[in-house]
Amino acid sequence: MTMRTAHRATSPSAPPRPVGVRLEPGEQILWQGRPEASALRRHLLKGRWLAAYFALLLGWKLALIVALRGLRPEEVFDTAVLLGQGAALMGILAYLAWALARSTTYTVTSLRVVIRHGIALQGTVDIPLRAIRSVAVRIHGDGTGDVALAVRDGGGVGYSKLWPHVRGLSPSAPVPMLRGLRDAALLGIRLARRLDDPAPALTGQDIRPRATPHATAA
């Protein structure tokens, strides 16, 4: 006797399973992703600048040893301490970037942009599409990019609720930013089209579509 089990066919174009998002009736997921940990380490936490700083300190220390002080036991100890401090800091930055990336999910639906983040305590920030005035895309040299969302009158979103997913240091006018994305250019184009703005011409480092008032049906 042969038993057959019915399987539900899954369409390749079916929306992804929502992660950390409760959809409203009729709402659909258009895109969902997470930041790259390496991009957060480089561009948000300034890992390369800090590594260069410690390398400069180490070079200066070695130059003093060779030119003036000589290789004495205390100099060897100081150099080892400096190396240990630099390695520890790089390790902390790498872990923090990994934890930020792992705990963050960006979701674009037919009604809103959702930023879910928080290492210790998870929080969710909802930005209605109708509140977004314009989209700016910045592409970095490593191929990752950031998508900044200019919202009308702040969109009711607080700076502290967004950080570190925010551009600049202005608490009075926070600009939500989806950071460290491998497909930032594509997402920027999709959002711009969704907002009825022209798609950005991806030729520069900071790409800003024309910001024109509009009302997008949600």
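Predicted model: local features only at pLDDT ≥ 70, side-chain atom pairs only at ≥ 80, totals over all residues.
1. A residue is termed buried when its relative accessible area is under 20%. In general, an α-helix has 3.6 residues a turn, so residues three or four places apart point the same way.

2. Lys 46 deserves a separate remark. This residue follows just after α1 and belongs to the loop between α1 and α2 (47-69). Although Lys 46 is not a glycine, its phi is positive, at about 55 degrees. Its relative accessibility is 43%, and Lys 46 therefore counts as partly exposed.

3. An open sheet is formed by 4 strands in the order β1-β2-β3-β4, with antiparallel pairing. Because β1 (29-33) and β4 (123-128) stand at the edges with a single partner strand each, one side of each is left without a neighbour in the sheet. From one strand to the next, the twist averages 15 degrees.

4. Within this sheet, β3 (residues 112-117) pairs with β4 over 6 bridges in the antiparallel sense. His 117 is found opposite Gly 123 of β4.

5. Helix α5, residues 184-194, lies across β1, β2 (105-109) and β3. The helix runs at about 150 degrees to β1.

6. The peptide bond between Trp 163 and Pro 164 is cis, with omega at about 5 degrees. Pro 164 is located in the loop that lies between α4 (159-162) and β7 (166-167).

Definitions and conventions:
Residues numbered from 1 in each chain as written. Heavy atoms only, no water. Helix = DSSP H or I, 4+ residues; strand = E, 2+ residues; numbered from the N terminus. Pairing = 2+ DSSP bridges. Axes fitted to C-alpha atoms, helices over the stretch in contact; angles between N-to-C directions. Contact = heavy atoms within 4.5 Å. Buried < 20%, exposed > 50% of the residue type's maximum accessible area, 1.4 Å probe, protein only.
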